[in-house]
Amino acid sequence: MTKRKRQDDFQKVKLKVGKTKPKADNATNVSFRSKGIHLPEQLKRDDSGPTTHRQLGIKDLLSQLHHYSGTVKHGALCGLRELLTSHPALVEQHLSTLLSEVAAAFTDKDGSVRSAALRLLRFVAQCVPSERVGPFFPLLSAHLTCAMTHIQVGIQADAMLVLDVLLEHYPALLAHRHAHLLTNFLELISRQRLSGGAKAGEKAGAGRAGWALSVTPDRRVTAQQWRLTVLLRLSHFLQAVVDERPDEEGVMSADREGGEKGIATPLELNWEDHPFGKRGIQVFENSGSTPTPHSTYRLRPHVDKGVGAEEELSSVEAVRGFAETLVPLLLEVWLETAGADDGQLLSGDAMVLMQQILTILQLLRRLTPQHHLREELDAWLRSTYLSDFKLHFMKNFPYSQLDTPSPKLKKSSHRSRQQALPGSGGGAGVEPLVLNVTLCQVMVTLSHRGSAQPEGTDADWLGPIRCFVRETLTGGTRLSSKHLGALLEVVWRLVVNQKSRAVSEELLQAVYVQYQQRNLTVPVRLMLLRFFSQLYLKERLNRSKILTRWLAALPVQLVQLGSRNPQLSAQILQTLQRAAAWKNKELLSSLQMHACSLYDPQEGCVVLLPVDSQQRLVQMLYFLPAFPPELLSCLSRVCNTGRVSAGLASTLIRIIHLRSSLSGWTSNSEEAAIRDVDYLSFLFSTLTGFSSDELAVLQQAYDDALSPPTPLSPFSVYPTPLEQFTHHWDIVEEVCHCLSTLGSNSQCFDILQNGICKNLVGLTVMPDGVCAAVLRVVARLLDLSFLPSDALLHFLSKCCLSMLSLLLQLEHSAHKREAVWGACLAALSSVPRLLRLLLQSLRVCDMCVEEFPQLAQILSLLMQHTHLRNHMIANAQLLQHIIQELTRYCGGESREQWLTDLLHCYSVTLSGHRGNLY
């Protein structure tokens with residue numbers, strides 16, 4: 001019998017190789033099944049986007065810029081330029097990535113990649129403004145610094161081209177990074193010496209001991225051409241830094257720029273806007289168009305960082321530290337080039353190099369914006385480098401160009417030509433005149449300031465400069481505005497610094513010869529005018545015969561110029577006003593001689609020039625020595641022609657009033673500029689608004705607009721246009737004010753009465769403005785103790801009745817209606833017997849039926865006003881007689897409405913004094 005083996009409770013499972021492991025009894029099944037949910041409309045997205053001709057999108061192209069192959073990166077940059085050209089909106093969307101990738105390509109080892117990156121950078125710079133690039137510019141500056149300091153000369157050369165693009169499109173952003181970039185220019189042409197050749201305390205020799213010119217044999221261009229390339233970029237970079245700083249220097253800086261950068265804009269304050277303290281005037285410290293504070297307060301303590309290129313060039317110490325390194329290098333560069341030239345004759349390359357060196361020296365000086373700091377820097381440059389400048393620059397002055405045949409060179413690549421002299425005009429070089437003038441500009445800043453010169457230590461090199469300037473200005477050549485501006489700056493410094501009358505007269509005579517040339521361009525003429533003007537206004541060279549002669553000729557030039565060039569006229573007027581305020585005798589005499597031409601009401605400058613110039617001309621009247629009758633006649637017509645504003649005409653009247661002895665402002669020792677008779681004649685002519693000749697012409701005019709005299713309108717009223725009437729009415733108010741301040745109103749009224757009786761009584765045609773003006777001035781000046789003559793009273797009654805008739809016709813001009821009614825009301829209420837004469841002249845029997853309603857309206861208008869109530873009551877019998885005659889002529893069963901209204905008004909007004917009207 002076979003024995004069965006007993007089965008254990010926990011059996012061990014034997015695993016065999018190659019067999020699947022059996023699953024455990026307690027294993028969890030984690031398998032699952034899923035289905036996709038498709039939302040085609042809600043999550044629809046087009047990922048294709050714009051592509052190039054190779055079907056590459058912008059993301060693909062940007063990713064290819066990280067490829068190791070230069071060919072792939074070059075193709076990606078070209079594709080980006082193609083894509084962005086056809087779709088400019090992508091530039092703004094991917095600006096950050098584009099700039100970072102393009103900047104990283106500045107230091108690529110492949111030259112074709114760098115060239116493609118440069119073209120793409122130029123395209124992006126043309127599309128994006130500086131405000132959008134500003135946040136990313138530190139990254140561009142960092143990559144540019146890496147490229148400029150790279151060990152490979154090809155990358156350094158291409159960095160110059162990148163710098164050109166940034167200087168062209170983002171000069172302000174680049175100028176703010178000057179503390180990080182200036183040292184790079186030094187490292188491109190020199191190297192720091194490792195061996196200490198100077199002591200630590202020898203500050204003046206720090207530049208010579210610390211830096212030395214370097215030569216790199218594997219460049220495509222010569223060492224001199226490379227240094228010229230770097231110096232050209234350095235001058236452009238310093239110019240950008242200077243342009244971003246406020247310039248405090250005088251006149252000629254503004255002329256060079258062709259604008260008003262260096263000239264402070266005067267504050268025009270209209271005192272009429274601030275009467276009786278209604279509006280406050282705030283005056284702030286250091287205010288103006290260009291605030292120039294000279295405070296020594298600093299928010300943080302000044303820390304010396306060593307070489308000035310590592311900190312911002314905002315102080316004299318920083319600029320001096322940078323100049324101590326740069327100027328010796330510039331002198332060494334010039335010495336290497338000048339050794340091959342002979343005396344005064346320089347080759348084209350040498351002239352271009354010297355021009356760049358001189359330009360950099362000028363810009364170094366202008367890095368300090370404050371004038372007093374600039375003088376301190378000039379003194380340091382003089383004490384340190386004047387002997388070197390005299391030896392290397394002034395020894396062979398003036399320079400000329402050496403005519404040498406240009407050898408046939410091998411055709412250089414476009415890249416080499418672009419790197420050599422970009423922006424210098426190719427082989428055109430520099431004109432000898434430009435070079436010599438720039439040298440004069442640099443050297444005159446180093447001259448002594450004071451009267452001890454020119455026969456002192458500077459005479460040996462200032463003499464040739466003065467001789468060159470004088471010969472250039474008087475040689476008869478036509479100078480451009482740029483060349484002339486530089487010469488005028490040299491003359492300015494020589495005149496101001498030397499303080500020698502002989503030197504000043506000699507140089508100013510040369511400038512005056514240039515000023516007297518005919519057919520000068522407007523910029524040149526304006527520059528010369530500003531030069532003389534600023535020299536006179538700022539330096540007060542009152543003893544100069546040349547300036548005196550120039551000043552005396554200005555009124556004639558202003559008359560001849562007229563309105564052909566308002567800018568020139570404004571400059572002349574600015575000078576004339578200041579010189580007249582300083583009481584220059586020759587100018588005042590010339591101004592007096594040509595005053596009638598300047599203030600001619602038809603062709604004078606006072607009516608042809610803009611408002612600002614008109615205001616200056618009117619203000620100049622205060623300084624005029626005398627006012628003859630001819631000039632006062634012109635001024636009166638200027639006020640009334642309407643070609644100057646009413647406010648300016650009122651100013652003119654006030655100025656003449658102040659110059660009169662009747663105003664009480666002139667002292668007894670001074671001779672009165674205006675005779676009393678002429679002044680009163682001027683006021684009367686201005687009051688009427690029409691000359692005697694014009695009134696005589698009106699008497700013979702046959703115009704349809706003129707209605708014949710009627711019982712209700714004794715004068716044939718000439719209607720003046722509303723604009724002319726409004727202008728004249730403002731002048732009438734000013735004349736009345738002047739007449740009321742003359743002292744005795746009775747004497748003034750007597751003179752006015754004689755003038756009215758002599759010139760206006762007897763006329764049949766009267767302008768409405770004249771009638772209203774006469775009524776207004778009589779009511780303003782009449783004294784109760786003075787009885788007007790019968791002739792004047794009858795004339796006033798005719799004026800008043802004519803104006804009341806005109807008042808009924810003024811429906812659409814409220815201002816004119818108010819002025820006419822106010823004049824009539826003032827005259828009727830203030831002039832005694834005037835209302836009685838007016839009522840006596842109303843003869844109903846002489847009127848036609850059509851005039852009865854107008855008469856009723858006039859009477860109702862007079863009775864309804866409260867100011868005339870007592871006067872109407874006093875003349876109740878006359879009024880009652882007129883109404884009775886109207887009632888008799890219009891009697892009948894049916895009564896007109898106007899008559900009913902008149903009777904009602906009469907009953908209300910004269911209820912206690914009414915008689916029997918029927």
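Colleague: In this predicted model, at what angle do helix 31 (residues 676-688) and helix 33 pack, and are they roughly parallel or roughly antiparallel?

Modeller: The axes of helix 31 and helix 33 lie 8 Å apart, and the two helices pack at an angle of about 150 degrees. Angles over 145 degrees count as roughly antiparallel, and therefore the relation of helix 31 to helix 33 is roughly antiparallel.

Colleague: Which residues of helix 33 does helix 31 meet, and how many residues of the contact are nonpolar?

Modeller: From helix 31 come Tyr 679, Leu 680, Leu 683, Thr 686, Leu 687 and Thr 688, and in helix 33 they meet His 728, Ile 731, Val 732, Val 735, Cys 738 and Leu 739. When the residues of this contact between helix 31 and helix 33 are divided by kind, no charged residue is found, three are polar, and the number of nonpolar residues is nine.

Colleague: Is the crossing of helix 31 and helix 33 left-handed or right-handed?

Modeller: Handedness is a separate description from the angle of about 150 degrees at which helix 31 and helix 33 pack. For this pair, the crossing is left-handed.

Colleague: How many cavities of 30 Å³ or more does a search of the whole structure find, and about how much space lies in the largest cavity?

Modeller: Rolling a probe the size of a water molecule over the atoms shows where empty space is left. A search of the whole structure finds four cavities of 30 Å³ or more, and the space in the largest cavity is about 70 Å³.

Colleague: Which helix gives the largest share of the lining of the largest cavity?

Modeller: The lining of the largest cavity is made by Asn 640, Thr 688, Gly 689, Phe 690, Thr 720, Gln 724, Phe 725, His 728, Gly 769 and Val 770. The elements that give two or more residues to this lining are helix 33 (722-740) and helix 35 (768-781). By kind, the lining residues are three nonpolar, seven polar and no charged. The largest share, three residues, comes from helix 33.

Colleague: How are helix 28 (residues 611-620) and helix 30 (residues 646-659) arranged, roughly parallel or roughly antiparallel?

Modeller: The axes of helix 28 and helix 30 are 9 Å apart, and the angle between the two helices is about 10 degrees. Angles under 35 degrees count as roughly parallel, so the arrangement of helix 28 and helix 30 is roughly parallel.

Colleague: How many polar residues are in the contact of helix 28 with helix 30?

Modeller: Gln 614, Gln 615, Val 618 and Gln 619 in helix 28 meet Leu 648, Thr 651, Leu 652 and Ile 655 in helix 30. Of the residues in this contact of helix 28 with helix 30, none is charged, four are nonpolar, and the number of polar residues is four.

Colleague: Where does Asn 519 lie, and what is its phi near?

Modeller: Asn 519 lies in the loop between helix 21 (501-515) and helix 22 (522-539). Asn 519 is a residue other than glycine, and its phi is positive, near 60 degrees.

Key: Residues numbered from 1 in each chain as written. Predicted model: local features only at pLDDT ≥ 70, side-chain atom pairs only at ≥ 80, totals over all residues. Heavy atoms only, no water. 1 Å grid on protein atoms, 1.4 Å probe; cavity = no way out; pocket = protein on both sides within 12 Å on 5 of 7 lines; lining within 4 Å. Points joined across faces, edges and corners; volume = space filled by probe spheres on them. Helix = DSSP H or I, 4+ residues; strand = E, 2+ residues; numbered from the N terminus. Nonpolar A, V, L, I, M, F, W, Y, C, P; charged D, E, K, R; others polar. Axes fitted to C-alpha atoms, helices over the stretch in contact; angles between N-to-C directions. Parallel < 35°, antiparallel > 145°, perpendicular 65-115°, else oblique. Contact = heavy atoms within 4.5 Å. Left-handed = near helix turned anticlockwise from the far one by under 90°.
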